[in-house]
Amino acid sequence: MNQKFELIAKTFQGLEEVLAQELTELGAEDIQIGNRMVSFSGDKAMMYKANFYLRTAIRILKPIKHFTATTADEVYNAVKDIAWEEYLDATNTFAVDSVIFSEDFRHSKFVAYKVKDAIADYFREKTGNRPSVRINNPDIQINIHIAENNCTLSLDSSGESLHRRGYRQEQVEAPLNEVLAAGIILLTGWRGECDLIDPMCGSGTIPIEAALIARNIAPGVFRKEFGFEKWKDFNQELFDEIYNDDSQEREFTHKIYGYDNNPQANAIAQRNVKAAGVSKDIVLKIQPFQQFEQPAEKSIIIMNPPYGERISSDDLLGLYEMIGERLKHAFTGNDAWVLSYREECFEQIGLKASVKIPLFNGALECQLREYQIFNGKYKEFRAENPEKGLKKENAERPVRNRHHGEKVEYGKRERRPRRDDERPRWNDNGPRKYDERPKWRDEDFRRNNDERPSLRTRKAGDGKEFTRERRSGFRNRDEFPNDRQRPDAEKEQKRIPAKRFIYMHKRHELDRQKDENNEQD
């Protein structure tokens, strides 16, 4: 029997549940969802399958040691105690990647250096030689993860990130990550039951990933190699059996449409689609979304419009307003999913979202929103389609706690009820509690006495208006910088701006010069 061991699949935040579902369908055991990762257990075949079949995984790690440490020396000693000849020898190359979330370890590179030193010293003491470090394409990729003082040392069985499928020949500016694109499609629930449209497809990532999902083609079929192929215990025969098994692939009878208004992006998408071998399933066309018309067949839209961050538009808000207009008038009876970043952009769409799912596109905290396009009123639509409407399991998905300095959440926050001892209110005699509030704020008192404070209206001349004319009068008040130096300070007379004095002096000087000229004449 093949021995089972612990494995960890890393992913983007927001895709953990999708990844867990993929692992369940793959036959993994002991599945547990974490933050940006899913842990599971399986044998060597399961590790190969996870790398080959999973669409929403970035890396598959195989932990080889768990330990606690609070100093770099403790990390060094724990790593050096491992029997490293089981995993590599002095002729191999290796690299160390570190992920740190700890107050005790502030510099991730320093931790990686200590792990590297421990491995090098282990072989130097055992054999007199040491393996070399290679950043690009090493024989063995090692990962150290530290959360506070809990450390996990793992072997990276993927090597290069799994989002690099191998079919992308070229790319446009700021392309959508393949793992995120596949995760978005799986979140919508689409598996090829109808046509799919991406009206802003760019280099074609969403259409290609959709075609692979519809035909159930493994995303790893395009890759040249995986990290585990260089391991000492690599089983070539077992991996060939997994690689050549196409029994799960299926037919796709619908079409996937990719539109873009950029001819260069369309040409790039054509080459990528051809490299992925899904040309017969995808129709690409140069067409701006303004010209989008109602499709003849049942369809779903999945789109990733510009956010105004890496890719912008001359009129970003106008673009989203146009998206809402086209969806409302040219996509009736279908569902549309939009991934974006800014709340003001979503507001310009002008449609009510039935589902809001938080996702991260790189460092940007985005949202994936579903819009169900229908004619008439929403209540009538719900009555006719009880299976549709607001999907609470996704719409109420909690968002992680934010760190200091991050952007606020989308939407309005619910008002938290106040407690009497939570925050003091102040009056003339010092702080008072909420039960000491003024009578007019008491609901029963207002109902019986109809007493409430009246708001004072602003009047002209009460000092609240600070117009351009009034401000200019103070611009040159520098004759008497100190009020005590004024000769009329004791009389408290109305002060005349210094600028007026300057103007009068100039006027008198002009009059005097005019009189002198008249006398000379």
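Visitor: Which residues have the most contacts inside the largest nonpolar core?
Guide: Trp-190, Leu-339 and Leu-359, in a core of 68 residues. A nonpolar core here is a set of buried Ala, Val, Leu, Ile, Met, Phe, Trp, Tyr and Cys residues joined through side-chain atoms within 4.5 Å. Buried means under 20% relative accessible area, exposed over 50%, and partly exposed in between, with a 1.4 Å probe and protein chains only.

Visitor: Before we go on, what kind of model is this?
Guide: This is a predicted model, in which local features need pLDDT of at least 70 and side-chain atom pairs count only at pLDDT 80 or more, while totals for chains, interfaces and linings use all residues. Residues are numbered from 1 along each chain as its sequence is written, and side-chain values use heavy atoms, with hydrogens and water left out.

Visitor: How much of the chain is buried?
Guide: Buried residues make up 42% of the 521 residues.

Visitor: And how many helices and strands are there?
Guide: The chain has 15 helices and 17 strands. Both are DSSP runs numbered from the N terminus: helices are H or I with at least four residues, strands are E with at least two.

Visitor: What is the strand order in the open sheet of seven strands?
Guide: The order is S11-S10-S9-S12-S13-S15-S14, and the pairing is mixed. Strands S11 (282–286) and S14 (355–361) are the edges, each pairing on one side only. Two strands pair if DSSP finds at least two bridges between them. The twist averages 20° from one strand to the next.

Visitor: Which way do S9 and S10 run, parallel or antiparallel?
Guide: Parallel, with three bridges joining S9 (residues 195–198) to S10 (residues 256–260). Ile-197 stands opposite Tyr-257 in S10.

Visitor: Which helix packs on that sheet?
Guide: Helix H5 (residues 178–188) does, touching S12, S13, S14 and S15. The direction of H5 makes about 170° with that of S14. Axes are lines fitted to C-alpha atoms, for helices over the stretch in contact, and angles run from 0 to 180 degrees between N-to-C directions.

Visitor: Switching to H3: which of its residues are buried?
Guide: Ala-72, Val-75, Tyr-76, Ala-78 and Val-79. They pack against strand S4 (59–68), helix H4 (108–127), strand S7 (140–147) and strand S8 (150–156).

Visitor: How many salt bridges does the structure hold?
Guide: It holds 18. A salt bridge is a side-chain nitrogen of Lys or Arg within 4 Å of a carboxyl oxygen of Asp or Glu. In one of them, Lys-4 pairs with Glu-29, and the closest N and O atoms are 2.6 Å apart. Lys-4 is in the segment before strand S1 (5–10) and Glu-29 is in strand S2, 25 residues apart.

Visitor: What about Lys-44 and Asp-233, how are they joined?
Guide: Their side chains meet in a salt bridge, 3.8 Å from N to O. Lys-44 is in helix H2 and Asp-233 in the loop between helices H6 and H7, 189 residues apart.

Key:
Contact means heavy atoms within 4.5 Å.
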